[in-house]
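Open the model in your viewer and keep the selection tool at hand. This tour goes stop by stop.

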Amino acid sequence: MSTLHVLMSAVVLCALCVFFGLRSLFGNQPHENRQFLDPVPRPWRWFWSPIRAIEPVADALLTRWPPLRARLDRTLQTGGLERSVTAAQLVSGACILSFAVASVLLVAHYGAGAQPESTLIWSGVAGALFGLFYTQAWVRGQVRTRRIAIVRQLPVMADFIAMCVEAGLPIGAALNQAVERCPAGTLRGEFSQVLRDIKAGRRRPDALQAMADRLNHPAVSQFVLVLNAADREGIGIAKALKAQAEHYRTERFYRAESLAMQAPVKMLLPMILFIFPGTFIVLLFPVLSRLFSEGVFK
């Protein structure tokens, strides 16, 4: 048997060992009951089995650093991801992505030819850092999207609750009607959680305060504070809610106006990089063509 056949046999044997090892590792995972959980986020579905495989290791590491676990839990809660992924799964996903990106960069360097050892090391480090920072940026993007949705939906929710209270409904029934009638969104889901907490025996002010703590948004905290104060002191809730809705609507208008004023500044760099060069080429091409044809640049 030639040396080539021996090497090919060894490669096939190693591949089979790796395959059955990974199959055994992923096949022994405990069943995950997601009946009362949100679906796995789309970017995570491709790597969910490896993430769950190393989740116990990440969970053991987070147990040694409770402040880090608390901060990750808080971030996931603010982004509405606490029912989709856990802090240990978030750390596992960051590690898997870092390993994948670093491996791709290293393979690309080897495929391009012999590279200095320092370049290969820095490629691996860059890939690992990219995986970590991308995961963090993705979570922050979810938080930012959720905050924008809250700012848009809060005036509508406050107006609807005020209208129900003016119609003679108590605040509890008004919240129920708002959840049933208002458009689906982040705030409607949070108020549904408030109603479930109330049905479970929690006091309404405590349930509303828990919602404010979950969302961690100044507008929601102010809304809950006004609602609880009006309910506690016997002030007209409808009037307070109308004032709050008008305030949030004005803030939303000013925010949209501010973003519109920032648009020209943000468009400046793309214009310099992509629009101005093409414009200059179109304008200068006839001039340069005429100069070349007349022999100016000979």
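This is a predicted model: local features need pLDDT of at least 70, side-chain atom pairs count only at pLDDT 80 or more; totals for chains, interfaces and linings use all residues.

**Stop 1: two packed helices**

Select residues 186-199, helix α7, and residues 204-215, helix α8. Two packed helices are described by the angle between their axes and the distance between the axes. Here the angle is about 145°, and the axes lie 9 Å apart. The crossing of α7 past α8 is right-handed.

Now show side chains. On α7, pick Leu187, Glu190, Phe191, Gln193, Val194, Asp197 and Ile198. On α8, pick Arg204, Ala207, Leu208, Met211, Arg214 and Leu215. These residues make the contact. Colour them by class: eight are nonpolar, one is polar and four are charged.

**Stop 2: the largest pocket**

Next, colour the helices around the largest pocket. At least two lining residues come from each of α2 (48-64), α3 (66-78), α4 (87-111) and α5 (117-166). The top contributor is α5, with five residues. By class, the lining has 12 nonpolar, three polar and two charged residues.

**Stop 3: the second largest pocket**

Move on to Gly80, Arg83, Arg146, Thr186 and Glu190. Of the 14 residues lining the second largest pocket, these are the closest to its centre. Its volume is about 280 Å³.

Which elements give two or more residues to this lining? They are α5 and α7. The most come from α7, with six residues. Glu190 links two stops: this residue is in the α7 contact with α8, and it is also one of the residues closest to the centre of the second largest pocket.

Colour by class again. The lining of the second largest pocket has one nonpolar, eight polar and five charged residues.

**Stop 4: an aromatic pair**

The structure holds four aromatic pairs. For one of them, select Phe130 and Tyr134. A pair of aromatic rings is described by the distance of the centres and the angle of the planes. For Phe130 and Tyr134, the centres are 5.9 Å apart and the planes are at 25°, so the pair is stacked, as planes under 30 degrees apart count as stacked.

Why are Phe130 and Tyr134 separated by about one helical turn? Because they are four residues apart in helix α5.

Methods
Residues are numbered from 1 along each chain as its sequence is written. Side-chain values use heavy atoms; hydrogens and water are left out. Axes are lines fitted to C-alpha atoms, for helices over the stretch in contact, and angles run from 0 to 180 degrees between N-to-C directions. A crossing is left-handed if the near helix is turned anticlockwise from the far one by less than a right angle, and right-handed if clockwise. Contact means heavy atoms within 4.5 Å. Ala, Val, Leu, Ile, Met, Phe, Trp, Tyr, Cys and Pro count as nonpolar, Asp, Glu, Lys and Arg as charged, and the others, Gly among them, as polar. On a 1 Å grid over the protein atoms alone, a cavity is a set of points where a 1.4 Å probe fits but cannot get out, and a pocket is an open set with protein on both sides within 12 Å along at least five of seven lines; lining residues have an atom within 4 Å of a point. Grid points are joined across faces, edges and corners, and a volume is the space filled by probe spheres set on the points. Rings of Phe, Tyr and Trp (its six-membered ring) pair if their centres lie within 6.5 Å; planes under 30 degrees apart count as stacked, over 60 as edge-to-face and the rest as tilted.
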